[in-house]
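Work through the exercises below with the structure open. Each one has a task sentence and a stepwise solution.

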Amino acid sequence: MSIDLILFLVLALVAVATALGMLFSRNAVYSALFLVLNFATVAVFYVLLSAPFIALTQITVYAGAIMVLFLFVIMLLGAERLPASPALPWQRPLAIFLALVLIAETGYLLLFRQAVTATVSLPQTDVFGSPSQVGTALFNQYLLPFEVTSVLLLSAMVGVIVLTVRKKGERE
Amino acid sequence: MDAALIWEWVIKALFLIFFLLGGFAYLTWYERKALARIQVRYGPNRAGPYGLLQPIADAVKLIFKEELTPSMADKVIFILAPIVTVVPVMLMAATVPWGPPIQLFGRTINMSVADLNVGVLYITSIASIAVYGIVLAGWSSNNKYAILGGLRASAQMVSYELALGLAFVLPILLAGSMRLMDIVTKQAEMGWFVLIQPVGALIFLIATLAEIGRAPFDMPDAEQELSSSYHSEYSGMKFALFFMAEYEKMIVICAIAATLFFGGFLGPGVDKWPWLGPIYLLAKIIVLLFLMIWVRATFPRIRYDRLMALGWKVLLPTALGLVFVTALGILLAEAVNPAMLWIIPLLSLVAGVLAVGVIERALRRKEYARR
């Protein structure tokens, strides 16, 4: 077994364990922390695939910004204790159904389409996945999706401001 | 990957950790001494000459103090929080280059623990992790003051991360690289980035003050209103860890600021004698630390809504403008004439003056409304 494979297996174990911990803990703060650990593990996966830029972006955006806001809201509302029964009654059957669909699709792909499981050789150079290369790809090859995403985010931001702004004279 | 390389990393990492620990101890002495001088006092002067043994006495006291855990606290997170606060600070210091590569025992040794090609991004991502310690400490203490402090800390840090991130972009743009070593070597030919982007350096320093929760932005642990908030339930060594994190953060952030804007280890004669590099960097760190202490001695704590307004309405737009100005200057310098680079400091000063004018006007309007 190569070192990469051992690392991958250990990390995969951690990733699955933290994901399960997030699902099954009865305390929202613990759930959030498990999710942070999961994000960190995924970031290490990216490092293993020699993409440090994506790895650190993952940590900055998900663990650093989004989950801090999650924790902030959980603490602000004092909503640590999760209710024992699910709030939406139709959620569980739907989730089981969708999970079965996902398993069927994955099984089909793995069994009947050998191409997707073929090993991809990674270019192990210093340049691969470097910030400059990611930037060049982002602004040349993927310019349109990148710009569309940015417009989408901008409109979401404008929407939030419109929803939360106080009109003049409405104070107190 | 040979054994010597691993030994090199281990030795460098240990050296860095011991430097930060010793730096923490003597930074407390330095701060108390400098504050005392500013307030016309003597400061610590009993333990040893000039009070130099005071940090050791403090450490002994903290180790032997009783540790309390509140009975209703969330024990696991309560113990975890101080550790989560300290570790990212030490990790952050790993990318700072302390000098040009040197030859030792026939091998080339980089003077930083890790010379990453995404160094700046690494710093921002680790800095964003550092919030968790404070937030979790506030939550797990099961204390109203503590949780208020935790909430304040998370809101403040997330807000100022934006301005800080944009301030990080400026040296990246100027150097064309995220590697800290490249940023320093670029400053050898272009001059320190604080000269090219003075307002950017100022925004960086202000935003880092808020990010590490130092006065006048020490809202998370405002003693008078929240009774030290997030660490009010902590005692003994656990409290010492929070204390340590704060002071190590100061050292690390000053090292990063010196590297990004003040030429890092550069200085006269550093090409000939590489051992001067760490000395220059240390000198710059000490000067910047004095600046932080000076700010603490001078300014009162600012109100929370003003803190948020400053971060979102002044620093963030100004930093965005500076990014635009810097990019414009670089493009003009490439396309027209290298001398056009001087448009960057000029326009950045204009942006800074505009920002100060906006604050001034807003404050005067409030004054007028009150009358």
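**Exercise 1: the interface**

Chain A and chain B together bury about 2,100 Å², and carbon and sulfur atoms account for 77% of it. The model is predicted.

Task: Describe the side of chain A that touches chain B, by element and by residue class.

Solution. 
1. Start with the elements: helix 2 (28-48) and helix 3 (52-77) of chain A each contribute at least two residues to the side of chain A that touches chain B.
2. Helix 3 of chain A gives the largest share of that side, 15 residues.
3. Sort that side by class: 17 residues are nonpolar, five are polar and two are charged.
4. Count the residues in the contact: 24 come from chain A and 25 from chain B.

Task: State how many salt bridges and how many residue pairs in polar contact the rules find across the interface of chain A and chain B.

Solution. 
1. For salt bridges, the count is zero.
2. For polar contacts, one residue pair is found, with both residues at pLDDT 80 or more.

**Exercise 2: a loop residue**

Task: Is B:Asn143 buried or exposed?

Solution. 
1. Locate B:Asn143: it sits in the loop between helix 5 (131-140) and helix 6 (144-175) of chain B.
2. The relative accessible area of B:Asn143 is 18%.
3. Buried means under 20%, so B:Asn143 is buried.
4. Beyond its neighbours within four places in sequence, B:Asn143 contacts B:Gly138, B:Ser232 and B:Glu233.

**Exercise 3: confidence**

Solution. 
1. Chain A as a whole averages a pLDDT of 81, and 82% of the residues score at least 70.

Definitions and conventions:
Residues numbered from 1 in each chain as written. Chains lettered and ligands numbered in written order. Predicted model: local features only at pLDDT ≥ 70, side-chain atom pairs only at ≥ 80, totals over all residues. Heavy atoms only, no water. Contact = heavy atoms within 4.5 Å. Buried area = accessible area lost by both parts, 1.4 Å probe. Salt bridge = Lys/Arg side-chain N within 4 Å of Asp/Glu carboxyl O. Polar contact = N/O pair within 3.5 Å; in protein donor to acceptor, adjacent residues only side chain to side chain. Helix = DSSP H or I, 4+ residues; strand = E, 2+ residues; numbered from the N terminus. Nonpolar A, V, L, I, M, F, W, Y, C, P; charged D, E, K, R; others polar. pLDDT = per-residue confidence, 0-100. Buried < 20%, exposed > 50% of the residue type's maximum accessible area, 1.4 Å probe, protein only.
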